[in-house]
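Okay, thanks for coming, everyone.

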Amino acid sequence: MKRQLPGGGWPFSGDTAQTAVEPTALALLALPSSSVRERDAAIGFLIRTQNPNGSWPPFRGDDEGGSGLTGLALYALTCCCVEGTMTSRAVQWLIESRGWESHWPWKWKFRISDRHVRFNPDKFGWPWMVETVSWVVPTAYSILALKHFRGISQQDPVQFRIRRGVEMLYDRICPEGGWNAGNGIVYGFSLAPHPDTTALALLSLLNEPPNDFITTSLGWLERRAETCFAPWSLAWTILALDTFGRPTALLTDRLSSVVDNAEVNDCATLAVVSLALRRATGDNAFRVPHET
Amino acid sequence: MKLDRRTLLTASLGLAAGASTTALLNRPKYHVTRRQPRSRVAILRAESYSRHLGTILRSGLELFHLDLRGKSVLLKPNLVDYIPGSHINTHPLLVCAAVECFRRLGAKNVLVGEGPGHQRDTELVLLESGFREELRQLKAPFVDLNRDELIVTPLRATYTGMKQLWLPRTALEADFVVSMPKVKTHHWSGVTLSMKNMFGVVPGAKYGWPKNILHWKGIQESILDVCATVPVHFVIADAIVAMEGNGPLSGHPRPLNRIVLADDPVAADATCARIMGLDPTRITHIRVGAEFLGNVSTERIDQLADVVSPPASPFDVVPEFQYLWVTGSAQRVS
């Protein structure tokens, strides 16, 4: 809370004053409900930072095209029971925003000439930036937001985009389970998954019908966690495993020990660590009721 | 050889497309000229990654008579991911040797900074690759360029058609930027050397993981725009164990036992390409970069240490880049 800036947002680095959406949204999720003043300030920052088209930029001062963090901002706000025109516009933007591979000229490019990365362009999610293809993190954030929003209001287009996004995640999975940025196989070679991305993808797949993609990825994440000491990845791992009912007590102890002995300067990491440690009290910001 | 109409038509279209692409790239689109009349390159021998690298590097840097007193130095290694047993990152011992050398040369401060393109958890890469511990012992600060404070910056070349990029303050404010690539082949750009390495200053916090906009705007074009905007003052290339084949992640180690130093990124990359058995003038960003960022011709490059010796067989590359092999060079041995 000490690092919250006067405008209500948080920067990535504790050394700068450039407020950004990702650390702010994660911090908002991590703040205890008793911190009313800080939560209100964070909500105010997100409301002021929203673009006129309903999206969010990655940081204050960026252009108004929208970013792959729109889903996270919306998720954080709806978890704080913020609703209204602002969230409706955000949902509408998420419905309309899609990876460039879903547009027919590029779809055919990937089908016919550009086939070194194995993926199906019919299964699309959300990009980091407009006019680029879908990637795992923005897709997972967007699915989380839309599933949570669906808990509030049913809309067919929302359902359509959730299904496409889930299909995209399954399509981009790494052969050994888990996800990296979104390239499972390139030039015939399997690429390795990453723990943080895998955890986030799994969180967005909560309540999907059980399947091998989820089971294999949970298994990979559990094995990977055995040798993971980096706070960001470890915290996301704890949140995902806990959400799926897997034991995390040892990992939580390790995370506590790691952050006690290291100076974590990154506010987004601090926020996810707080979320993971708060989970020990039974409070998991990602274990929310949402429909499939 | 018998040509049917379809083949002829396809070939003509291909030639036309190639010619138009080349014509587009060949139009001067730079607003800055950094090419010096002559460039200096030093190829140093280094048999392995060891604590002796400091001595080797120091002797190499002395050849350049750098005056860094009071200057802030940013070392930009290539950190992609950590895959046990793989040689995908600039080795931490080389980076730490560079930190010590630049401190000895009187630099006001020496930072290490990188913004990995695929792995969001930079700290994970630092921890698992051994960087974090080595940097801690030296008390050398590391800046995650993906999450640094950003400044909107007009581009000083417009090959991509973009007018500006948000770039990290740390990279823009450094007095002396040292690109420290791992010498590798690359399945999208042919090679990844000191110029391609500068993709790491483009922040993920704005452009995502990966920095996909640079691919859509053209990798070769993006390299030129980024290098025009964030000047590379010096290069220390890790070619002790390089990578060939399906780089930058899935290639095979290829020992070259060399470190390449240069005061010009184009000359550095041209020299690295030559010791990989590749023709630098066929690599678009090196060839076009030679118009305004540095020198590619051997006649304009002073070799201060070892001479360039092409390998017995050129580096393996993905099929699309086999045209980079030097014509008449030894055939690759499978």
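So, to start: how many residues does helix α10 of chain A have, and how far does it reach from its first C-alpha to its last? Before I answer, a word on what we're looking at. This is a predicted model, where local features need pLDDT of at least 70 and side-chain atom pairs count only at pLDDT 80 or more, while totals for chains, interfaces and linings use all residues. Residues are numbered from 1 along each chain as its sequence is written, and chains are lettered from A and ligands numbered from 1 in the order in which they are written.

Helix α10(A), residues 231-243, has 13 residues and reaches 18 Å, close to the 18 Å expected at 1.5 Å a residue. That expected span is 1.5 Å times one less than the number of residues. When I say helix or strand, I mean DSSP runs, numbered from the N terminus: H or I of at least four residues for helices, E of at least two for strands.

Is α10(A) enclosed or open? Since 13 of its 13 residues are buried, α10(A) is largely enclosed by the rest of the structure. Buried here means 20 or more other C-beta atoms within 10 Å of the residue's own, exposed means 12 or fewer, and partly exposed is in between, with C-beta atoms placed from the backbone. After α10(A) comes A:G245, with a positive phi near 75°.

Next, the packing. The axes of α10(A) and α12(A) are 8 Å apart and the helices pack at about 35°. Axes are lines fitted to C-alpha atoms, for helices over the stretch in contact, and angles run from 0 to 180 degrees between N-to-C directions. The crossing of α10(A) past α12(A) is left-handed, meaning the near helix is turned anticlockwise from the far one by less than a right angle; clockwise would be right-handed. On the α10(A) side the contact includes A:W232, A:W236 and A:L239, and on the α12(A) side it includes A:V272, A:V273 and A:A276. Contact means C-beta atoms, placed from the backbone, within 7 Å. The residues of this contact split into ten nonpolar, one polar and no charged. For that count, Ala, Val, Leu, Ile, Met, Phe, Trp, Tyr, Cys and Pro are nonpolar, Asp, Glu, Lys and Arg are charged, and the others, Gly among them, are polar.

Helix α12(A), residues 267-278, also meets α11(A), residues 249-260: their axes come within 10 Å and cross at roughly 140°. That makes α11(A) and α12(A) oblique to each other; under 35 degrees would be roughly parallel, over 145 roughly antiparallel, 65 to 115 roughly perpendicular, and the rest is oblique. Here α11(A) passes α12(A) in a left-handed crossing too. The residues making the contact are A:T252, A:L255, A:S256 and A:V259 from α11(A), with A:V273, A:A276 and A:L277 from α12(A). Five of the contact residues are nonpolar, two are polar and none is charged.

Now over to chain B, which comes to eleven helices and twelve strands. Of its 334 residues, 56% are buried. Where the two chains touch, 26 residues come from chain B and 33 from chain A. On the chain B side, α4, α7 and α8 each supply at least two residues, and that side divides into twelve nonpolar, seven polar and seven charged.

Most residues other than glycine have a negative phi, and most peptide bonds are trans. Well, the bond from B:W209 to B:P210 is cis, with omega near 0°, and B:P210 sits in the loop between α7 and α8 of chain B. Another cis bond joins B:G247 and B:P248, with omega about 15°. As for phi, A:C81 has a positive value of about 65° without being a glycine. With 8 other C-beta atoms within 10 Å, A:C81 is exposed. B:H65 is also not a glycine and has a positive phi, near 50°, and with 7 C-beta neighbours inside 10 Å B:H65 counts as exposed.
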